Each structure stands twice: as C-alpha cells, then as structure tokens.
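Open the model in your viewer and keep the selection tool at hand. This tour moves from one selection to the next.

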Amino acid sequence: MALPSINPITTDSWKRLQEHFKTTKDAHMKDLFAQDKERANKFTIKWDDFYVDFSKNRITEETFNLLLELANEVKLKEAIQSQFSGEIINQTEGRAVLHTALRAPKTSECYVDGANVIPEVSQVKQKIEQFTNEVVNGDRKGFTGKTFTDIVNIGIGGSDLGPAMVVDSLQYYKNHLTTHFVSNVDGDHVNEVIKKLNPETTLFVVVSKTFTTQETLSNANTLKNWFLKSAGEDAIAKHFVAVSTNIQSVKSFGIDETNIFPMWDWVGGRFSLWSAVGLTISLAVGYNNFESLLSGANKMDDHFKNEDFKTNIPVVLALISIWYNNFFKAESEAVIPYSQYLNQFATYLQQGIMESNGKSIDRNGNPIDYETGTLIWGEPGTNSQHAFFQLIHQGTKLIPADFIGFTKSLHGNQDHQDKLISNFLAQTEALLNGKTEQEVIAEGTASDIIPFKVFKGNKPTNTIFINKLSPESLGKLIAMYEHKIFVQGIIWNIFSYDQFGVELGKQLASKILKEFNGSAISDHDSSTSNLLNYYNSLE
C-alpha cells in the first residue's frame, strides 16, 4: 500500500484555511489572550515529562480545528499506520522507513517483506552492548596491551551529525573515554584530530553504509596510514571497527569481520543514530544510557502513533509550522534550546528537516506550486539573545521559534538556573507583547528615539519545557522532531526519505577530481573552467 497522494491545496480544509487567513492574519496575540482567559490552558499539551505550550502562536481555535481537518483530509492517520507497519513508503528508493523499529522493545513485532526485523535488531543491540562494555571496562585492549582512552568516529552526514550531537548533548553522562568526530574531507580537520591521539590507545569507528563515501574513506585511510606508522597491519583488527553493509570492502580495508556492525536499507542515514551508527554514543555514555535514549524515543513513537491529533505533540507542531510556512509565507524557523549542552541540536535538525523536506516534486511526480520545507537555524539561549534576536524582535521577517528549556539543571547551580529560565520565559513574553509607543514614552525616552524602541510583538513561539536533560528525554525530543518531519511531508504530498539532491554535486566533484591529475577533461561553464584553471595554476 502506497502513501496517500493528495495535493493539499485542493482540499476543502486548505481552501477554508486560505479564507480564514485573510480575516485573521493581522490579529494580535495580545488581543487573543485578552479575549480568552483559558487560552494558555487550551493550547498546552502535558505529556510525560514534557510541557508544550503553543498558545503564543497566531492561531485561534478555528485555525487549530481547520488544521486538524487538513491532517484528516490528507489521510495522516493512514500514513502513520503505513510507516509503522513497515510498508514501502520511501517509494522512490523502494524502501520501508523503520527507524522506529530500532528503538522498539524486543518483545514487539515489526515486519519488512514478511519478516519480523525485531530479533535481528535485538542481536545488533546485544553486540553493541557487549562491545561497549569490553571497551569501557578495559577488557578490550589495543595492540600494545593498553586500554583505550580515545574513540574517533569517522563518518559524514547522518553518520556524524547524529552521534556527534547526542554525545555533545549528553556530556554530563560521559565516561572516561574521549570522543572525536572526523567528517569533513578537509585534510586540516583530520590532522587537527590526529594531534590529540595516541595510536596505542585509540579506537576508530568507521561509519559508512556502502563503504564508498568519499569523505569517510579518505579520512579513514589517512587515519589508518597514520596508525600504521606505529603498528603493523595485524593491529588494524584491534583498533578499527566498522558500521556498514559492505562486508567485503570493510574486510579489504583490514577490519576483522567480527568487528563489523550491520545496518539495514530501511533506515535512512539521517535517522540512523538509533542503530549501530550510534556505537560511538554507546561507547561515550555507556550502553545503559544509550538504551535509555532509545527508550525515550520509543515512548514518543507510541505517543505519536496513538494520541489524538489535537493532543499529539509532533502533529500539533507540524500543523503550526504548515500554517506559517504556507499561509504567512514564513521561510525559516528558529530552534533555541536554553541549554549549552544542546549546542549542536539545531545543526543536527538542519539535516533532518531540510534534506527530508527540501523537495519540489510531489508524490504523483508533478511539480509543486506551493511552499515546502523550512530553513532551520538556531543557537542556544542566552548566547543567541546577544546575537540574532534583534532580527526576530524588530526585523521585517516573521520567524516562528521553538524555545526548548529544562526545569532542572544537571549540576544543580540554582542561581544560574533561575537566571537562565528567567530569560527563557522573558523572551517568549517579549516576542508576544512587544513594547508600545506609550510604554516607550513612559520610560522617558527622547522623542526622536521613540520609534526605534517600539517593538510590535506578535512574534510566534512554541515553548517546550522538559523536566531534565537526560538520555531518555533527549530521545523523546529527537523523535518528536523526526515525527514532525514526517507529518509535514505527508501534508505537502512529498517523499521525505530520499535525498537525490545531494548526489549531483558528488558526481561532478568526482569528474573534477580527475582533471587535477590530467587523466580527464570535462566541459564546464566558463565560471567553473576559470576557477579550475586558477586552482591548477597555483599548484
């Protein structure tokens, strides 16, 4: 069964939303709050340790109901069922989309091509657990008998961004191992990492599904050659492991077959941190914390799959995003975590969201004449308040923002925590209310400065308040955004799980590389030819 393929702009609910937008687009949220004292309660979802307040949005109850009708009209419920039941919803690549199976309990069942994949997933988890414990406990040693001190993750895209973000986010829970991430083919990157390593005590994790990715193999070979200056070929088996499906190429590289962790084609790269791609996470924080991460994601999966749409966190956030993207024509969304631990979170979401939903052809193969995808950006608060918040507060662009905060600090410094959360709450209030001319005048501002200090307000935000940053709560948060991506893709009638757009540049890069050594000559536009000649002239 294929996904439903319904052009959203042909639905009754979309047309009604267009008419509704005309009458409500200039409404100020301050007035909406004044008119309904229960607004905050009506537009808040309390679930587990999440408190999601979406009342500071430019929506009314009618808006919300029309958006819910849109979800029903595009058959979102059926689409969710198709995903979780292992149907081939990544139709352009002929694959199921089942990263949710990676975090399902081992007693559950999930079928791909008639086979329950859960036992196989559980086997890989057991292998991750055993390997992690051996390294962390010092039972698995390097070629000189020393225990490992450093882990180097070699991958790019989903094989780097997910593990790097999670390890950074969970550094409070990290053990004695030091983790490094090598992704960019820029040789300066890998050489800066090498400076920090001791070959006797470093374990390398090479992550590449096909074991053909140029950046990953270039970095892996550079690190292998550096390692072999200190060790013999037989030592590679002790210091290098791989996450891949290409067993033969991995063995040719020198990695022992027992040190290969499998992947599946029903897991897309940008949703793969839950698989053996997360081996570095497990090594960094211990297997029990990795399992808690998976458990949290599974709880969000169950919420998304079973909860009524009006209290379904990923569905509600996706619908609100559609409202701004397609009706207000807002091009970007900011993600502002009030936790320095989530320093890489927006960067991680950029790949997940923009690679998934940056599409201009619908599921029927037709060009799209409405907006899809959103630009995602952000940095932690309070740093971001002193950087780009000026644009959000007083700029000409409408920029909806997600504010993510934790009620408890991990290190327990209450003074800092109170200051952090006071900013977290104050910024959404300021974006809501702004500052009127009368308020500016009352502050004694000089008349010629008054216009510059007026804030219009009416800037939309979602507030996602979570009890504490833990492996489990982080798993829930990541899964929440994964499901938001899915909902948006269904409504926009696009395929969210292919990424053909990233391939063309790779193909052209391979052609240009051959021109550097004179083995081939290709036709280029005049600009590219000039740039190529300039580069070659400097060698």
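## Stop one: a pair of side chains

Select Glu69, which is partly exposed, with a relative accessible area of 32% (buried means under 20%, exposed over 50%, partly exposed in between, with a 1.4 Å probe and protein chains only). This is a predicted model, in which local features need pLDDT of at least 70 and side-chain atom pairs count only at pLDDT 80 or more, while totals for chains, interfaces and linings use all residues. Residues are numbered from 1 along each chain as its sequence is written, and side-chain values use heavy atoms, with hydrogens and water left out.

Side chains of opposite charge can pair when their charged atoms come close. Arg16 and Glu69 form a salt bridge, at 2.7 Å from N to O (a side-chain nitrogen of Lys or Arg within 4 Å of a carboxyl oxygen of Asp or Glu). The pair links distant parts of the chain, 53 residues apart: Arg16 belongs to helix 1 (residues 12-24) and Glu69 to helix 4 (residues 61-73). Helices here are DSSP runs of H or I with at least four residues, strands are runs of E with at least two, and both are numbered from the N terminus.

How many salt bridges does a search of the whole structure find? The search finds 22. For another, select Arg140 and Glu134, whose closest N and O atoms are 3.0 Å apart. Arg140 is partly exposed, at 23%.

Next select Lys299 and Glu472, a salt bridge with its closest N and O atoms 3.1 Å apart. Lys299 lies in helix 13 (residues 287-306) and Glu472 in helix 20 (residues 471-492), so this pair ties together parts 173 residues apart in sequence.

## Stop three: the largest cavity

Select Glu333, Pro400, Asp402, Asn462 and Lys484, which lie nearest the centre of the largest cavity among its 13 lining residues. On a 1 Å grid over the protein atoms alone, a cavity is a set of points where a 1.4 Å probe fits but cannot get out, and lining residues have an atom within 4 Å of a point.

The largest cavity holds about 90 Å³ of space; grid points are joined across faces, edges and corners, and a volume is the space filled by probe spheres set on the points. Finish with helix 14, which gives the most to this lining, with 4 residues.

Terms used
On a 1 Å grid over the protein atoms alone, a cavity is a set of points where a 1.4 Å probe fits but cannot get out, and a pocket is an open set with protein on both sides within 12 Å along at least five of seven lines; lining residues have an atom within 4 Å of a point.
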